[in-house]
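Dear colleague,

I am handing over the structure below, and my notes on what was found in it follow directly after. Please read them with the model open beside you.

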Amino acid sequence: MARNENTKHRNNHSLYLAKSGYGKTQTLRRRSGIEERGKVILWDPNKDHDADARYTKLSEFFRGLASAERSGRAYRVAYVGDAHPNHFEQWAQAAWSILDGNRLTYLLVEEYSNCCRTPGPLELERDYYHRMLWTQGRKYGAVIHATSQRPQLITKDALGNAGHIWAGRMDSKAARSVADEVDVPWQEFKSMEVGQFYYRAEGGDAEKIQVFTPI
């Protein structure tokens, strides 16, 4: 289980929210700050990211992660199987089991809305470890980076505990679900260009940034 609580870690949990094709994954790659040779655990059903090892079965992923952790070296271990909230809870339990407050562990989650049962709070009975990653993971060195093109479907626990939010082009329903979190009128998100995002850090004001310009 997670060990060596360290409350000095900053809240760098981050959400990258935008319609498909508008640059959320590219923004994650450019702005996440993930260490080049860090410990990275991926939920990546579409295989969008580089990994040292990919597993389609959770049982194989568990063994692969345990082996990578025992090696003492940097790693990028990915689960690329079926996306379902029940599977994500098991993935979250595996991630929680290796957290150590004496170091950072990056948790990279693609299409996070598929991991959430409802947009409401996570249920302790069904999503205990999922919830623990958002609410307690920081103290044990967890840094979550999650993308979604349907933020209206992601849990309030993620929106409420993200220290950084990058919000790009969205349709009306998605934009309304995010507007209050970044303190930007929802209509603004309907006219964003590819690679353009509003960025807001916890406690700060939103800033409009051209993260990249498509070729």
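Arg 117 counts as partly exposed because its relative accessibility is 24%, where buried means under 20% relative accessible area, exposed over 50% and partly exposed in between, computed with a 1.4 Å probe on protein chains only. Its partner is Asp 127, and the side chains of the two meet in a salt bridge with N and O 3.0 Å apart; a salt bridge here is a side-chain nitrogen of Lys or Arg within 4 Å of a carboxyl oxygen of Asp or Glu. Both residues lie in the loop between β5 and α4, so the pair ties together parts that are 10 residues apart in sequence. Asp 127, at 2% relative accessibility, counts as buried.

Please keep in mind that this is a predicted model, in which local features need pLDDT of at least 70 and side-chain atom pairs count only at pLDDT 80 or more, while totals for chains, interfaces and linings use all residues. Residues are numbered from 1 along each chain as its sequence is written, and side-chain values use heavy atoms, with hydrogens and water left out. Helices (H or I, at least four residues) and strands (E, at least two) are DSSP runs, numbered from the N terminus.

By the rule given above, the count comes to 6 salt bridges. Among them is the one between Lys 24 and Glu 111, whose closest N and O atoms are 3.8 Å apart. Lys 24 lies in helix α1 (residues 24-31) and Glu 111 in the loop between β5 (105-109) and α4 (128-135), so this pair ties together parts that are 87 residues apart in sequence. Lys 24 and Glu 111 are both buried.

Another salt bridge joins the side chains of Arg 103 and Glu 69, at 2.7 Å from N to O. This pair links distant parts of the chain, with Arg 103 in the loop between α3 (85-98) and β5 and Glu 69 in helix α2 (residues 58-71), 34 residues apart. Arg 103 counts as buried at 19% relative accessibility, and Glu 69 counts as buried at 16%.

Helix α2 deserves a paragraph of its own. The buried residues in α2 are Leu 58, Phe 61, Gly 64, Leu 65, Ala 68 and Glu 69. They cover an arc of only 135 degrees around the axis (taken from the directions from the helix axis to the C-beta atoms), which puts them on the same side of α2. What covers these buried residues includes β2 (39-43), β3 (53-55), β4 (75-79) and α3, with contact meaning heavy atoms within 4.5 Å. The face of α2 turned away from its buried side carries the exposed residues Arg 63 and Arg 70. Just after α2, Gly 72 takes a positive phi of about 75 degrees.

Finally, His 145 has its place in strand β6 (residues 142-148) and, at 1% relative accessibility, counts as buried. Leaving out residues up to four places away in sequence, the residues that His 145 touches include Asn 12, Ser 14, Tyr 16, Leu 28 and Tyr 106.

With kind regards
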